[in-house]
Amino acid sequence: SVAFVVLAIIALVSTLSTVLGTLMTASRITYGLAKEKALPEKLSNISPKTQTPFLAIIIISLLSLFHLLLDALILFLTNALVLYRCLAYSLAHFLHA
């Protein structure tokens with residue numbers, strides 16, 4: 001129905017907005033910590049063209065991508081373990097019967 005599609009689009013836009021806000025906040029926090037010398041100073045470099053902490057944004061984006069891929073790998077391994085366990089139980093049941 002139309003209401004379902006509208007609700008799904010609203011949820012998608014909301015989720016994307018939250019992810020973007022989190023990425024931008026994390027890069028700004030990284031920039032601030034680098035300015036205060038709590039992190040390497042290179043992370044506080046500002047792009048002359050865009051006036052953004054480009055290195056901090058790149059590092060946070062790469063770390064987020066790594067985390068996403070790691071989560072996908074963990075999910076895959078968990079699902080494979082469940083599948084193999086079900087197959088083992090089924091095989092044990094049929095061999096025992």
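**Figure 1. Gln-51 in the loop between helix 1 and helix 2.** The model is predicted. Gln-51 is not a glycine, yet its phi is positive, near 60°. The residue counts as exposed because its relative accessibility is 56%, and the cut-off for exposed is over 50%.

**Figure 2. Lys-37, in the loop that joins helix 1 (2–35) to helix 2.** Phi of Lys-37 is about 65°, a positive value, although the residue is not a glycine. Lys-37 has a relative accessibility of 58% and therefore counts as exposed.

**Figure 3. A nonpolar surface patch that includes Ile-58.** Phe-54, Ile-58, Leu-62, Leu-65, Leu-68 and Leu-69 make up the patch, which covers about 580 Å². Ile-58 belongs to helix 2, which runs over residues 54–96. With a relative accessibility of 42%, Ile-58 counts as partly exposed, because this class lies between the limits of 20% for buried and 50% for exposed.

Figure 4. The C-alpha trace spans about 75 × 45 × 20 Å along its principal axes. The radius of gyration of the chain is 22 Å, whereas a compact globule of 97 residues would have a value near 13 Å. Of the 97 residues, 10% are buried. The accessible surface of the chain is about 8,000 Å², and carbon and sulfur atoms contribute 76% of that area. Among contacts with a separation of 6 or more, 37% are between residues 24 or more positions apart.

Note on methods: Residues are numbered from 1 along each chain as its sequence is written. This is a predicted model: local features need pLDDT of at least 70, side-chain atom pairs count only at pLDDT 80 or more; totals for chains, interfaces and linings use all residues. Side-chain values use heavy atoms; hydrogens and water are left out. Patches are made of residues with over 30% relative accessible area and no salt bridge: like charges are joined within 9 Å, nonpolar side chains (Val, Leu, Ile, Met, Phe, Trp, Tyr) within 5 Å. Accessible areas come from the Shrake-Rupley method with a 1.4 Å probe; for residues, only the protein chains shown count as cover. A salt bridge is a side-chain nitrogen of Lys or Arg within 4 Å of a carboxyl oxygen of Asp or Glu. Helices (H or I, at least four residues) and strands (E, at least two) are DSSP runs, numbered from the N terminus. Buried means under 20% relative accessible area, exposed over 50%, partly exposed in between (1.4 Å probe, protein chains only). The radius of gyration is taken over C-alpha atoms; the globule rule is 2.2 Å times the number of residues to the power 0.38. Contact means heavy atoms within 4.5 Å.
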